[in-house]
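Subject: Structure handover

Hello,

Here is the structure for your set. Please open it next to this note. The findings follow below it.

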Amino acid sequence: MRDAVRSFLEKECPPKVVRDAWTNDTGRSGLWTRLGELGVLGVLAPEAHGGFGGDELDLVLLLEETGRAALPEPVVEHAAVGVPVLEDSRAEAAAAGDVTITVAPPSGLVPYADSSDLVLDGDRFVEPRTLELRRHESVDGSRRLFAVAAPHTSINSASLDRAALGVAAQLIGLADHMLAMTVEYAKERRQFGVPIGSFQAVKHHLADVALALEFSRPLVYRAAWSVAHGDDGRSVHVAMAKARASEAALRAGRVALQVHGAIGYTTEYDLHLWMKRAWALAATWGDAAWHDARVGRAILDTDPAREEQ
Amino acid sequence: MDLTFTEEEEAFRAEARAWLEANVPRPPLPSGDTRAGFALHKEWERALFDARWAVVSWPQEYGGRDASLMEWLIFEEEYYRAGGPQRVTQNGIFLLAPTLFEFGTEEQRDRILPRMASAEETWCQGWSEPNAGSDLAGIKSRAVRDDANAGWRLSGQKTWTTRGAFCDRLFGLFRSDPEAERHHGLTYFLVDLRAEGVTVRPVERLDGDEGFAEVFLEDVFVPDRDVLGSVHEGWRVAMATTGSERGLTLRSPGRFMAAAGRLADLYRRHADDGALDADPTVRDTVVRAWIDADAYRWQTFWTVTRLMDGRRTGPESSLVKIFWSELDVRLHETALRLLGSRAELVDGDDGAWMKGWQFALSGPIYAGTNEIQRNVVAERVLGLPRR
């Protein structure tokens, strides 16, 4: 299924679709119902509700692909957070993509509230029109953000875990794509008569990105497993995954820009679409420092209750 | 992906834990990289061998338990959790043995492996030469055919040979075809360091141990039965060994998890003292090092899962070598920050951190410097042009 989603997104969500989302009315791709048909949106919904009946390991593999494509959709909010807790008559429509769910994160900045049918605010679903929303601009022009004016209730920890996990998976996909496009560029671009990818300074930058990815991706898979199996350490595992995935994506963006040079600094070139998404997602649902602090409380402030596994 | 251990794996862990808790030497042994310490470590290795814990992943006929890769990792976790001593047999059991299993003859395996595992015969490696370090293919030490005696005569100099002053035998590469260049015309030899013509000079390391040695060879006879793999094919044979050194077998996650646990303990002690006021950011560094040790563990499990599915590790092992060696430096640097003005002490309970830090500093250098490893990652994992 991961392969099917990857080839679907390669075909249907090329950079032009991401770019168009910066200027269209919704900030979105127009692929929502087809993602529903593919089973992406209902990956966690039971088959009885028209879902795929998968678990969080399936989820992160698919979300990694949506990150790789920089798919401009509230797919984490919907598929990772909203669908698993929506249990009423709308569940089937949500799994199919006939209903769009977004979520109010701890920042209070709700993505795509204007084109969603439901906002998960704390433990309750509300319709966006019942909320006082104020539009904000994100550095990622496709992320249409709205501040909830009324004080929102705090997110429960299960939703926080799923959202941070989902975003971490997307960050891995974003980083992987930026690394791949930069490697290709470094093979093609010639200066001093040779490809710039033959210079050690460039090689070492890119090797460091590969390193960051190699050692953050397994944390994401492990966290997915822990959430799927209700492991006691799941929140700590998610925190580790989000922290390191955020850093990997930021590093990938930073290196990608440096290796591309001036062309990467233009908005005509596609890199900025991925890089800015990475900036936004690295910061939302807790940045690396915020999640590191969660891990710190778990491993340093409790008595030598070191995790065995 | 299944992250639960099987009942057999849990039973294996419990058995290892119980034996190690009852048998790991207390107080810890002195450094095995000194002459006196080395002798004590050999006794410990013998005890491990007698209980069949020395080489768990090997076949039973050579003293192992036919353990799976996963069980080997579990053993490593338990070994370092219990504070088990450094393995002075490691160059043999982790570096030479995988090559013997792949390229050795049955006669060589039967003759060499059990004595290696029991530490009756200890091995050091002879790769580096004064002018062949990172550029290993620049090896000059030569092997000349001695047909009359059915063997070879070796001459030249090897250097940075860890524990070379104490070990019995050396494995290394020698140029057997003087016409061939670089990676060609090299042969992999197993050399008796007691043989006529061998001179070993100990060299003191940064940390004060005489763990290094220079090995001078002058017309040293080596019989044909101590050629490993085909004549002139030594480079290919040796690369299998450095592959295991960089990858899984040399530095399993267990030791870094144990170090991260000790670091967290050290942090708590200093937090209780109120000693962290001057350096509040050290907490973040502790947490990050701890997470990195955990990340290494899960990356390893992920790799092992792939290996058990029949895939091989290739140049990805360079990523692993960079990661653990730099993690090891960070773990120890962070501990020294916590120790503050007492960091310089090399005696007492905390002295192990300064000692360990000096050892950790060698990690980014040996087994191919991390600069070379980053080139390997860029060229062979990412596909960037060599030049």
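Start with chain A. Of its contacts with a separation of 6 or more, 69% are between residues 24 or more positions apart. Two residues are in contact if their C-beta atoms, placed from the backbone, lie within 7 Å.

Ground rules next. This is a predicted model: local features need pLDDT of at least 70, side-chain atom pairs count only at pLDDT 80 or more, and totals for chains, interfaces and linings use all residues. Residues are numbered from 1 along each chain as its sequence is written, while chains are lettered from A and ligands numbered from 1 in the order in which they are written.

Overall build of chain A. It has eleven helices and eight strands. Both are DSSP runs numbered from the N terminus: helices are H or I with at least four residues, strands E with at least two. The radius of gyration is 19 Å, which agrees with the value near 19 Å for a compact globule of 309 residues. That radius is taken over C-alpha atoms, and the globule rule is 2.2 Å times the number of residues to the power 0.38. Along the principal axes, the C-alpha atoms of chain A fill a box of roughly 65 × 55 × 35 Å. Buried residues make up 57% of chain A. Buried means 20 or more other C-beta atoms within 10 Å of the residue's own, exposed means 12 or fewer, and partly exposed lies in between; C-beta atoms are again placed from the backbone.

Domains. Chain A splits into domain 1 (2-148) and domain 2 (157-300). The bounds come from an automatic or database domain assignment. The domain centres, over C-alpha atoms, are 21 Å apart.

Chain interface. 33 residues of chain A are in contact with 34 residues of chain B. On the chain A side, the elements giving two or more residues are α7 (157-188), β8 (194-195), α8 (200-228), α9 (234-260) and α11 (288-300). α8(A) gives the most, with 15 residues. This side holds 20 nonpolar, six polar and seven charged residues.

A helix pair in chain B. The axes of α3 (residues 69-81) and α8 (residues 282-308) of chain B come within 9 Å and cross at roughly 155 degrees. That makes α3(B) roughly antiparallel to α8(B) (over 145 degrees). α3(B) brings B:Leu69, B:Met70 and B:Leu73 to the contact, and α8(B) brings B:Thr300, B:Val304, B:Leu307 and B:Met308.

Backbone points to check. A cis peptide bond joins B:Arg26 and B:Pro27, with omega about -10 degrees. B:Pro27 is in the loop between α1 (7-23) and α2 (35-50) of chain B. A:Tyr112 has a positive phi, near 60 degrees. A:Tyr112 counts as buried, with 24 C-beta neighbours inside 10 Å. B:Arg52 also has phi near 60 degrees. B:Arg52 is partly exposed, with 16 other C-beta atoms within 10 Å.

Best regards

Note on methods
Ala, Val, Leu, Ile, Met, Phe, Trp, Tyr, Cys and Pro count as nonpolar, Asp, Glu, Lys and Arg as charged, and the others, Gly among them, as polar. Axes are lines fitted to C-alpha atoms, for helices over the stretch in contact, and angles run from 0 to 180 degrees between N-to-C directions. Angles under 35 degrees count as roughly parallel, over 145 as roughly antiparallel, 65 to 115 as roughly perpendicular and the rest as oblique.
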